[in-house]
Amino acid sequence: MNLSVGEPHFQPPPAVIKSLHTAIDEMKLDYTSVRGTVEFRETIAEYMTKSLGHRDVTADHVLTTTGAKFAIWLALSALLEPGSEVIVIKPYWTSYPEIVKINGGTPVFVDSDKDTGELPVENIINAVTSRTKAIIVCNPNNPSGVVYVVWCSSAKRKIISTLTHMNE
Ligand SMILES: Cc1ncc(COP(=O)(O)O)c(C=O)c1O
């Protein structure tokens, strides 16, 4: 079993394929907004509000990108400056440290728990310094497949509050 590239063993749902055909039939072939069409961003905002419970998300808060790595690249290019640190949980997707470095930052690696694969909250907090600008958490993790239960709990608030405090 290959636990690296996220190439699913199933095809897109028929409704997605049908709407691609429809878009072509309707000659929707021009460039769209780089941020994503308003309809697309509104749908994402609605999903974030209704399904994920985020408050007050509108289409104006949404920016779509061609792939996850580009989104992470954009975020880090806005956040990092020389000397910035980014905590990267091991095991990690192969590009994360390089995206940090190309944006002038230094990756700081924290191991997952070797028995459970869980996030070691105290180790993350201990790795936070005044130079920490981000923590990259891939959940569920690729390549290990572990779902970080800890990240869905109060531990997340503890980590974020430490990060915020150190950067004040
Ligand atoms: C965890 C993880 N990060 C990033 C990527 C790359 O994503 P994209 O091709 O959307 O940039 C993948 C692809 O499988 C992935 O599994």
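1. Two strands are taken as paired if DSSP finds at least two bridges between them. Helices (H or I, at least four residues) and strands (E, at least two) are DSSP runs, numbered from the N terminus. On that basis Val86 stands opposite Ala134 in β3.

2. Provenance and numbering come next. This is a predicted model, in which local features need pLDDT of at least 70 and side-chain atom pairs count only at pLDDT 80 or more, while totals for chains, interfaces and linings use all residues. Residues are numbered from 1 along each chain as its sequence is written.

3. Overall layout. The protein contains 6 helices and 3 strands, and along the sequence they follow the pattern α-α-α-β-α-β-α-β-α. The C-alpha trace spans about 55 × 40 × 30 Å along its principal axes. Of the 168 residues, 14% are buried. Here a residue is buried if 20 or more other C-beta atoms lie within 10 Å of its own, exposed if 12 or fewer, and partly exposed in between, with C-beta atoms placed from the backbone.

4. Domains. The protein is divided into domain 1, residues 14-61, and domain 2, residues 68-166. These bounds come from an automatic or database domain assignment. The C-alpha centres of the two domains lie 28 Å apart.

5. The sheet. The 3 strands form an open sheet in the order β2-β1-β3, with parallel pairing. β2 and β3 (132-136) stand at the edges, and because each has a single partner strand, one side of each is left without a neighbour in the sheet. Neighbouring strands are turned by 25° against each other on average, direction ignored. For that angle, axes are lines fitted to C-alpha atoms, for helices over the stretch in contact, and angles run from 0 to 180 degrees between N-to-C directions.

6. Pairing of β1 with β2. Strand β1 (residues 85-90) and strand β2 (residues 106-111) run parallel and are joined by 6 bridges. The chain passes from β1 through helix α4 (residues 96-102) to β2, and this β-α-β crossover is right-handed. Right-handed means that, with the strands pointing away from the viewer, the path from the first strand over the helix to the second runs clockwise. Among the residue pairs, Glu85 stands opposite Thr106, Val86 has Pro107 as its bridge partner, and Lys90 stands opposite Asp111.

7. In β1, 5 of the 6 residues are buried, so the strand is largely enclosed by the rest of the structure.

8. Cis peptide bonds. A cis bond joins Lys90 and Pro91, with omega about -5°. Lys90 is the residue that stands opposite Asp111 in β2, and Pro91 is found in the loop between β1 and α4. The bond from Asn139 to Pro140 is also cis, with omega near 0°. Pro140 is found in the loop between β3 and α6 (154-166).

9. Positive phi. Met27 is not a glycine, yet has a positive phi of about 55°. Met27 lies in the loop between α1 (14-25) and α2 (38-50) and counts as exposed, with 7 C-beta neighbours inside 10 Å. Asp56, likewise not a glycine, has a positive phi of about 60°. This residue lies in the loop between α2 and α3 (68-79), and Asp56 is exposed, with 8 other C-beta atoms within 10 Å.

10. The residues around the ligand are Val5, Gly6, Gly67, Ala68, Lys69, Trp93, Cys138 and Asn142. A residue is included if its C-beta atom, placed from the backbone, lies within 6 Å of the molecule. By class, the shell has 4 nonpolar, 3 polar and 1 charged residues. In this scheme Ala, Val, Leu, Ile, Met, Phe, Trp, Tyr, Cys and Pro count as nonpolar, Asp, Glu, Lys and Arg as charged, and the others, Gly among them, as polar.

11. Gly6 within that shell. Gly6 lies in the segment before α1 and is exposed, with 9 other C-beta atoms within 10 Å. Gly6 and Asn142 are 136 residues apart in sequence, but their C-alpha atoms are 8.0 Å apart in space. Both residues are among those around the ligand.
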